[in-house]
Each structure stands twice: as structure tokens, then as C-alpha cells.
Amino acid sequence: MALVTIKGGKATIETTRLILREAQENDLEDMHKMFGDEEVMRYWSTAPHTKEAQTKKYLDGMIAVPCNGILDFIIVLKPTGNSIGKLGIWCKDPSNPEVGFMLARAHWNKGYMAEAMTVWLEYLWSTNCEQLVNGKYAGAHECNGDSGALDNLQASEGSNGVQNGGMETYRGRRIERVVADADPRNEACLGVLRKFGFKETGRAEKTFETHLGWCDSVYFELQRPRTE
Ligand SMILES: CC(C)(COP(=O)(O)OP(=O)(O)OC[C@H]1O[C@@H](n2cnc3c(N)ncnc32)[C@H](O)[C@@H]1OP(=O)(O)O)[C@@H](O)C(=O)NCCC(=O)NCCS
């Protein structure tokens, strides 16, 4: 059961244990611990961050993209208020909406990513998100929601017109699928993707050169569920 709040064109998604919200400058300390951890970064597309400035650059990039708080989220642990991870579509190319996710190591194997992914996908496939992407939302809406409740949210088209910070690339499009690119050795990532029904679409060798040397990719895709 998730609670979705839309305010100023940004979404906050609350689950039993987590809050998904836009990236903010004060996430830097928690994010740097995560991006500096070798285990977390083993199969990431870049080496672990050794300097806070590297994480700041990454975080500034997250904050700057229009997807922030719309398609891309920081994961906050409710009891502590700490930022423990990220989940979302970061890229600006609507023809290739690639999901990326990570959690700080202390929080692995507790079902947190499954909890976050469940509500993120519900939100993503809901009318609610489609309307956000189309820039039609204004003001705050709340719903106590399963996906049915999300579907019941109505767009406030024609109201005072808060736009979504220039989601121009996604404007007028519905997100029909999400893609992912995983290192074939990254069992945890493959496990999460398969658990949520992502299907393998192909493989390629030597796609990324990272601190591990050349790495391969397994490509996945998840289609928007069909509603009859
Ligand atoms: C991938 C990651 C986010 C998983 O987070 P998590 O909260 O530990 O995952 P969950 O506990 O929610 O597990 C969800 C499902 O993923 C799978 N899974 C998780 N860890 C796994 C592992 N080590 N091996 C195999 N499957 C695993 C399982 O299917 C699990 O479902 P189940 O418990 O019903 O079997 C975490 O390991 C991580 O941050 N890794 C480093 C960053 C990274 O590689 N990100 C992915 C880039 S593509």
C-alpha cells in the first residue's frame, strides 16, 4: 500500500518503510557513503567515488534533470530519514527509458528494493505519472493507493498550470516500457529485474570499461502491463 503525494509537479511515494522523493542537495553525505563503497559500486558503470566532489557532481546532475522527482527518486528510510538509495529513470531519451537502482550496503537483503520497485512501477504505469509527464498536473493531490486508486486521480488540466520543469522530451508520450542494462555477474541486479518480470532482450560484450576493466551487458525490457 503506497501513499502518493503530488506537489508542484513532483511526486513523493510513501510505503510502509520507505519514502521515494526527489534528490536534494542535503542527500550528499549519505549518497557519498554509498557511492564511495566498493561493494555497492562493483558493477556500477563508474568506479567508487573517492572524493565527495564526484558524488556532488552526480547528485547535482540528478537534481538538474527534469526527471528528478517525476521518474527518478532518492529512497529514504522512514525511521531515520537517511537517504539509503536511488531508483528511477535518469536519462533524457524517452525512446530508451533506462532504470537504474542502488542501495547502501547496510540495507541489502531486507526487501527494500523490492518494496521500492513495487510502488515505483505502480506509479510509473498509473495514469497519474502519465499526466505528470505530460505536464498537466498542478497543485497537491493525495491518494491512499493501490494502483486502482492511482488510476482514479484526475488531471487538473486547465488549472493554474504548474509545469514539470521542462519534461519536454517526455511530453505527450506514455512510458510504454522500461529497459535495463546489467552486468551478467551482478546476481542481485539480475534477481531484482527478473523478480519484477523484466525479460532479457540481448547480450553484448565489452560495453563498459570500468575500474574492473571491460564489462559485458545483459539487456532487459519490461513492457507496460496491458489493461483489457
Ligand atoms: C541490487 C540491489 C539494489 C538489491 O537490493 P535489495 O534491497 O538487497 O534487494 P531485495 O532484498 O529487495 O531483493 C529483491 C529480489 O532481488 C533478488 N536478489 C536480491 N539480492 C540478490 C542476490 N544477492 N542474489 C540473487 N538475487 C538477489 C531476489 O530475487 C529478491 O527477491 P526475493 O527476496 O523474493 O528472492 C542491491 O544489491 C545493490 O544496491 N547492489 C549494488 C548496486 C547495483 O549493482 N545496482 C544495480 C545496477 S543494474
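How many bridges join strand S3 to S4, and in which sense do the two strands run? Four bridges join strand S3 (residues 18–21) to S4, and the two run antiparallel. Strands (E, at least two residues) and helices (H or I, at least four) are DSSP runs numbered from the N terminus, and two strands pair if DSSP finds at least two bridges between them. The model is a predicted one, in which local features need pLDDT of at least 70 and side-chain atom pairs count only at pLDDT 80 or more, while totals for chains, interfaces and linings use all residues. Residues are numbered from 1 along each chain as its sequence is written.

Strand S4 (residues 72–77) is largely enclosed by the rest of the structure, because six of its six residues are buried; a residue is buried if 20 or more other C-beta atoms lie within 10 Å of its own, exposed if 12 or fewer, and partly exposed in between, with C-beta atoms placed from the backbone. In a regular strand the side chains alternate between the two faces of the sheet. On S4 both faces are covered, with Asp 72, Ile 74 and Val 76 on one side and Phe 73, Ile 75 and Leu 77 on the other.

Strand S1 (residues 2–7) has a covered face formed by Ala 2, Val 4 and Ile 6, whereas the face with Leu 3, Thr 5 and Lys 7 is uncovered. Five bridges join S1 to the antiparallel strand S2 (residues 10–14), in which Ala 11 is the bridge partner of Ile 6. Two residues lie between the strands of this hairpin, where Gly 8 takes a positive phi near 55°.

A further open sheet of three strands has the order S8-S10-S9, with antiparallel pairing. Its edge strands, S8 (177–182) and S9 (199–210), each pair on one side only. Six bridges connect S8 with strand S10 (residues 213–223), and Val 179 stands opposite Glu 221 in S10.

Leaving aside neighbours within four places in sequence, Trp 120 is in contact (C-beta atoms, placed from the backbone, within 7 Å) with Ile 13, Leu 20, Phe 73 and Leu 87.

The ligand is surrounded by 20 residues, the closest being Met 113, Ala 114, Ala 188, Cys 189 and Gly 191; a residue counts as near a molecule if its C-beta atom, placed from the backbone, lies within 6 Å of it. Strand S6 (99–103), helix H4 (112–125) and helix H7 (187–195) each supply at least two residues of this shell, and H7 gives the most, with six. The shell divides into 13 nonpolar, four polar and three charged residues, where Ala, Val, Leu, Ile, Met, Phe, Trp, Tyr, Cys and Pro count as nonpolar, Asp, Glu, Lys and Arg as charged, and the others, Gly among them, as polar.

Conventions. Contact = placed C-beta atoms within 7 Å.
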